[in-house]
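Here is a short briefing on one protein chain. It covers the disulfides, the sheet, the helices and the salt bridges.

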Amino acid sequence: MAIVGGALALVVGCGSDGGRTSSGPADDPGTPDDVASAMTAPKGDECKRLTASEVTEVIGPNDGGQHDFAIGGCVWTATSGAKDGLVEAITVTVLSKAEYEGVAEVGEPVTGSADGATYNPIHGELWFPCRSGDFCGIKVKISDPDKRKDVATRLGKVLQGRV
């Protein structure tokens, strides 16, 4: 599953549109770009799932949140440049069960966060069931690996209360 998700993120993240402009749909429905764009299309107020102060507290000054075309949701990226070789970011998304199973880096059960949460320390990802069978995910990409889990579990509680 992780390989499929990684490949999908690579294809979508590279921004290839198969020679089309971003203003029009594909001429041949069912292409990989169509499948990826259906999953990653913006779905409402994604970047309002966390407040500006909640994000700034973790990564400092940031871009205010942008649609994440890799897996959907919103990604906030630090504008202060790389810290220890890493540009810090927070990603929050809500996926259907099928999307979740295709891309999530599911870890071990974790306490102190949203109900039913799992955390993967390698990727700094926290996932939990939310909203009528959907799954909420938080990815914390910060330079301090010791704080990633604390930040993810804290934001998981916040997100669970808002979705």
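A disulfide here is a pair of cysteine sulfur atoms within 2.5 Å. By that rule, a search of the whole structure finds 2 disulfides. The model is predicted, so local features need pLDDT of at least 70, side-chain atom pairs count only at pLDDT 80 or more, and totals for chains, interfaces and linings use all residues. Residues are numbered from 1 along each chain as its sequence is written, and side-chain values use heavy atoms, with hydrogens and water left out.

**Disulfides**

- A disulfide is a covalent bond between the sulfur atoms of two cysteines.
- Cys130 is joined to Cys136, with an S to S distance of 2.2 Å. The link of Cys130 and Cys136 is right-handed, with 95° about the S-S bond.
- Cys130 is buried at a relative accessible area of 10%. Cys136 is buried at 0%. (Buried means under 20% relative accessible area, exposed over 50%, and partly exposed in between, with a 1.4 Å probe and protein chains only.)
- Cys47 and Cys74 form a disulfide with their sulfur atoms 1.9 Å apart. This link is right-handed too, with 100° about the S-S bond.
- The pair of Cys47 and Cys74 links distant parts of the chain, 27 residues apart. Cys47 lies in the loop between helix 2 (32-40) and helix 3, and Cys74 lies in strand 2. (Helices are DSSP runs of H or I with at least four residues, strands are DSSP runs of E with at least two, and both are numbered from the N terminus.)
- Cys47 is partly exposed at 24% relative accessibility, whereas Cys74 is buried at 0%.
- With the bonded cysteines numbered in sequence order, the pairing is 1-2, 3-4.

- An open sheet is formed by 7 strands in the order 1-2-3-7-6-5-4, with antiparallel pairing. (Two strands pair if DSSP finds at least two bridges between them.)
- Strand 1 (66-67) and strand 4 (108-109) stand at the edges. Each has a single partner strand, so one side of each is left without a neighbour in the sheet.
- Strand 4 is joined to strand 5 (residues 118-120) by 2 bridges, and the two run antiparallel. Glu108 stands opposite Tyr119 in strand 5.

**Strand 7 and its partners**

- How many of the 8 residues of strand 7 (residues 134-141) are buried? The count is 6, so the strand is mostly covered.
- Strand 3 (residues 89-95) pairs with strand 7 in the antiparallel sense over 7 bridges. Ala89 has Lys141 of strand 7 as its bridge partner.
- Strand 6 (residues 125-130) pairs with strand 7 in the antiparallel sense over 6 bridges. Here the bridge partner of Trp127 is Gly137 in strand 7.
- Strand 6 and strand 7 form a hairpin with 3 residues between them. In the turn, Arg131 has a positive phi of about 45°.

**Helices on the sheet**

- Helix 3 (residues 52-59) lies across strand 2 (74-77) and strand 3, running at about 135° to strand 3. (Contact means heavy atoms within 4.5 Å. Axes are lines fitted to C-alpha atoms, for helices over the stretch in contact, and angles run from 0 to 180 degrees between N-to-C directions.)
- Helix 5 (residues 145-160) lies across strand 3, strand 5, strand 6 and strand 7. Its angle to strand 7 is about 145°.

**Salt bridges**

- The count comes to 5 salt bridges. (A salt bridge is a side-chain nitrogen of Lys or Arg within 4 Å of a carboxyl oxygen of Asp or Glu.)
- Among them is the pair of Glu57 and Arg154, at 3.7 Å from N to O. Glu57 lies in helix 3 and Arg154 in helix 5, so the pair ties together parts that are 97 residues apart in sequence. Glu57 is exposed at 59% relative accessibility, and Arg154 is partly exposed at 33%.
- Glu88 forms a salt bridge with Lys83, with the closest N and O atoms 3.7 Å apart. Glu88 is buried at 5%, whereas Lys83 is partly exposed at 43%.
- The side chains of Asp134 and Arg131 meet at 3.4 Å, N to O, in another salt bridge. Asp134 is buried at 18%, and Arg131 is partly exposed at 42%.
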